[in-house]
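Here's a quick tour of a model, starting with one chain and moving on to where two chains meet. Have a look first.

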Amino acid sequence: MSQLVQSLDLKNRCDVMRNIVTSDVIVIGGGLHGSSTAMNLAKAGAEVLLLEKNYVGRHASGVNAGGVRTLTRHMAEVPLSLASQQIWANIQDHVDDDCGFEICGQMRVAEHEADVKTLRDRLALMQSKGYTHEEWVEPADVCKMIPSIVPTIKGGLIARHDGAADPYRTTLAFRRKAQQYGADFREGVTVHQVAKRNQSWWVDTDAGQFQSRVLVNCAGAWADKIAAQFGEFVPLKAVGPMMLVTTRMPHFLETVVLGTSRPLSFKQRANGTVLIGGGHLAWVDRNRDVTELDFHALSKGAKTVCELFPHMRNAVISRGWAGIEASMPDGIPVIGPSGVEENLFHAFGFSTHGFQLGPVVGQIMKDLILSGTTDLPIEPFHISRFS
Amino acid sequence: MFKRLPEAQAEVMVNPVRVTVNGMEVVCRNGDSVASVLFVAGILACRDTPVKGTPRGPFCMMGVCFDCLVNIDDVPNQQGCMVLVKPGMKIERQQGLREVQT
Amino acid sequence: MNTGTNYDVAIIGAGPAGMAAAISLTKFGINVVVLDENVSAGGQIYRGVTTSPLSAKPQILGDDYWSGQKLVKEFLESSAERIAGASVWAVSQHTSGSEQSHFEIGYSVNAQSNIMHARHVLLATGAHERPFPIPGWTLPGVMTAGAAQSLLKSTAIVPSGRLVLAGCGPLLYLIAWQYLNAGVKIEAFLDTTPKGRIPNLWPYAFDFMRSPYFLKGLKLVREVKANVNVIKSLSGLVANGQEKLESVTFKSASKNQSIEADHLLLHQGVIPNINLAQAIGVTLEWNDILKCWVPMSDAWGNTNIERIHMAGDAAGIAGAWAAESRGQLVATDIAYQLGKLSLAQRDISVTEHRKVYARATRGREFFDRLFQPAQAFRRPTGDTVVCRCEEITAQQVRETVKIGCTGPNQMKSFLRCGMGLCQGRFCAVTVTELIADERGVSESEVGHYRLRFPTKPLTLGELATLPQTDESISAVVRLKKPV
């Protein structure tokens with residue numbers, strides 16, 4: 001019997017006998033952030049139980065564009081992003097899988113003078129803060145790097161050490177490594193209610209009751225429901241960023257291309273397929289895990305691609321989909337301890353750009369939970385900014 | 001090897017439709033699909049797969065298997081079984097990685 | 001209501017169910033459009049019935065085929081609009097440009113995208129061959145029996161090399177019989193119907209003997225057996241060859257046998273074409289007799305989504321005759337939902353359709369059980385290709401279950417199986433069964449690929465030029481005359 005159980009009073013010990021599963025830490029949500037948190041905690045010796053309502057990587061984590069991007073992040077995210085990039089560079093050592101990660105650079109392209117100004121202003125801001133990972137690229141050099149782009153392109157802002165990885169494979173790799181370290185993953189388990197009683201967390205699910213000392217809310221597009229149970233109301237919106245993928249094409253693109261004033265994320269994968277995203281949104285029903293693609297919006301995205309890359313007109317779209325992601329009104333996530341409860345922590349709301357942050361967020365959560373503090377500046381992400 | 005039954009052959013004689021298949025002229029029946037013309041022309045494989053370069057030919061003849069993809073009049077990824085021949089049509093084998101016109 | 005791109009009912013598919021429904025609906029004065037991905041109406045079963053070069057020799061294809069002419073004629077002469085060559089890639093509810101009460105259908109004709117709106121959508125998308133994963137089934141020279149039959153019906157083109165037929169089910173005997181009528185030589189007919197089933201099927205035998213297919217079927221089978229080398233009780237079926245089919249090997253009567261062949265026609269039944277239905281959100285259920293996924297609909301063809309209806313083989317395999325009467329029945333209910341008749345009138349109107357449907361489906365229980373494909377041909381092992389599009393093998397799928405991909409969607413994300421252009425039509429049932437096999441659970445529990453629009457591929461250029469609501473009026477291609 002674990003130490004936690006032995007320390008319980010008689011009533012609670014009886015509860016345990018009645019098949020209530022206990023753990024030191026319970027993580028709610030089996031996306032990348034939950035799996036990364038579980039992995040880092042288990043690696044440090046903590047007893048971790050992760051509860052996932054569908055299967056690991058089912059939602060945003062498994063179906064995003066896989067962008068491993070430091071480029072043009074919100075200022076608050078930059079230090080975290082740069083720290084995460086260090087982990088990505090050695091991801092194989094961390095999770096025994098290269099996750100399909102390739103360093104190919106990410107570039108925001110300027111279609112017109114207004115875009116040029118936007119990007120140049122950004123560059124100036126970064127330089128003033130001492131950041132050097134974003135660089136201006138002259139139009140001629142953009143065309144040299146990306147021969148298939150429309151020749152009227154006006155330049156670009158590049159982060160050369162950015163790249164892309166396989167999102168589902170990455171999430172799965174973190175999960176498997178976590179399990180190797182002893183973490184317990186339960187899929188198909190939906191959390192209904194969470195309550196604190198006598199210094200421990202009681203989690204009621206459709207698969208029984210679970211108990212822990214620490215609770216971590218990594219519930220993605222449903223995280224507000226968990227937070228609300230403690231009076232921590234967050235204005236989270238469930239959104240469905242849409243993706244299209246083509247059939248395999250001969251290689252014409254190494255860099256990931258992003259739009260500046262128009263939503264676009266455009267990438268050719270190693271297998272030759274081309275991924276088109278950028279942020280046009282589907283209709284979402286988060287209660288039934290259902291999305292419906294909005295073809296009028298997709299049409300706008302297709303138009304953007306065809307204007308920037310004219311040869312893509314004949315590209316064959318073989319599939320489309322939309323993930324269910326949490327969007328916060330200020331565009332940055334909630335990371336950190338609860339504002340009202342002890343031993344409750346949050347990591348959610350990544351607003352369609354959480355994938356690259358997954359590795360570092362797991363480390364941050366581990367540090368917060370096991371040592372009460374983290375080196376990285378997470379104050380801007382505190383949940384209390386919404387109250 | 002495939003052949004036309006006499007009834008179809010008779011229609012070809014009366015109202016031939018001429019197309020080229022990989023540069024070679026083939027006389028067809030008005031109403032033939034591109035895939036059927038390939039078969040009659042002695043071609044079993046119309047493309048190579050983009051994954052392993054394996055040769056493939058039409059499999060379902062009803063537009064759901066996507067194995068019959070060919071290049072028609074310089075447009076790739078056409079389902080041969082769903083397109084009917086037209087005079088002067090240019091039909092070509094589709095190479096492994098699906099070519100896209102620049 | 002009709003303003004060009006707004007219809008009361010849109011029917012997807014012009015096979016017997018779609019055509020019969022269209023005819024019925026027009027009789028109620030309902031504004032209906034039929035989106036047919038083929039150039040000529042008739043679906044698969046009546047493919048080419050208006051254009052076949054074999055019309056002068058009806059004895060080759062047989063009466064059942066030619067009986068479709070009447071239906072097609074009536075359909076083309078009705079006031080139903082027909083859009084030929086229409087590839088439907090989406091049916092949206094929540095993101096449509098129009099009022100909430102209409103579905104928005106995205107489709108392409110001649111590489112041009114279009115949209116239209118309809119209050120009700122009837123999915124009459126029929127069926128396709130079920131996968132028959134044996135080693136070498138992807139070789140040029142191997143195709144489905146249905147494919148060969150389409151070729152025969154539409155173009156009167158037949159195999160002229162060494163021909164082998166393999167599989168089970170009435171369609172295989174039918175094509176063999178049609179080939180005999182056309183003078184095509186068949187080297188061997190390898191009947192994979194698992195033996196020993198008939199004694200267990202006696203509870204259903206009486207109904208089967210009263211079925212419309214019984215006597216016809218017996219006659220057909222007798223003729224084939226008298227003229228073709230039919231081999232039964234076989235296992236280990238393999239298609240061999242390097243760049244194309246060269247021989248077919250198998251084991252029968254404890255002997256390894258080999259037949260040199262240029263053509264192999266495979267068939268082990270047909271399964272509903274579910275992709276559009278599932279992408280719309282229609283619930284699927286696993287049919288354990290037919291071993292396939294079937295979209296759920298009630299006796300009236302209603303699904304879990306209001307105003308999405310299903311009829312014909314897409315709603316459950318029952319054959320052409322049943323599809324026709326079901327199409328009429330579903331149309332009558334749609335007419336009721338549109339306020340054209342009262343509930344009482346509806347119930348009376350369908351009495352005859354119900355009777356015909358009952359007669360047409362008599363004996364199916366026997367049929368379906370007798371011809372259920374053998375497990376060995378549904379759950380392959382080793383290097384046998386499972387996902388044809390992405391060239392994923394049975395071994396890869398089985399091994400991936402062991403590393404934690406316990407469902408088809410995780411399998412898809414990890415291995416790419418099901419991500420090809422066929423959207424799982426030729427691998428979904430196999431993948432579900434393989435996962436069930438590895439996990440020791442039911443197919444129902446394993447589940448199905450989560451399918452999405454576009455149901456058929458379209459180019460980025462087509463999507464980029466998707467018209468907004470009113471522009472599509474001028475771009476629509478309509479065909480009302482027989483082709």
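Predicted model: local features only at pLDDT ≥ 70, side-chain atom pairs only at ≥ 80, totals over all residues.

## Domains of chain A

Chain A splits into domain 1 (3–62 + 168–234 + 331–386) and domain 2 (106–160 + 237–327), with bounds taken from an automatic or database domain assignment. Their centres, taken over C-alpha atoms, sit 32 Å apart.

Where the two meet, 12 residues of domain 1 are in contact with 10 of domain 2 (contact: C-beta atoms, placed from the backbone, within 7 Å). The domain 1 side of that meeting has 6 nonpolar, 6 polar and no charged residues (Ala, Val, Leu, Ile, Met, Phe, Trp, Tyr, Cys and Pro count as nonpolar, Asp, Glu, Lys and Arg as charged, the others, Gly among them, as polar).

Residues are numbered from 1 along each chain as its sequence is written, with chains lettered from A and ligands numbered from 1 in the order written.

The predictor gives the complex an ipTM of 0.95 and a pTM of 0.93. Chain C has a mean pLDDT of 92, with 95% of its residues at 70 or more (pLDDT is the predictor's per-residue confidence, 0 to 100).

## Where chain C meets chain A

Here 26 residues of chain C are in contact with 30 of chain A. On the chain C side, α18 gives the most, with 4 residues; by class that side has 12 nonpolar, 13 polar and 1 charged.

Strand β19 (residues 316–322) of chain A also pairs with β23(C), antiparallel, over 2 bridges, and C:L458 is the bridge partner of A:I317. Helices (H or I, at least four residues) and strands (E, at least two) are DSSP runs numbered from the N terminus, and pairing takes at least two DSSP bridges.
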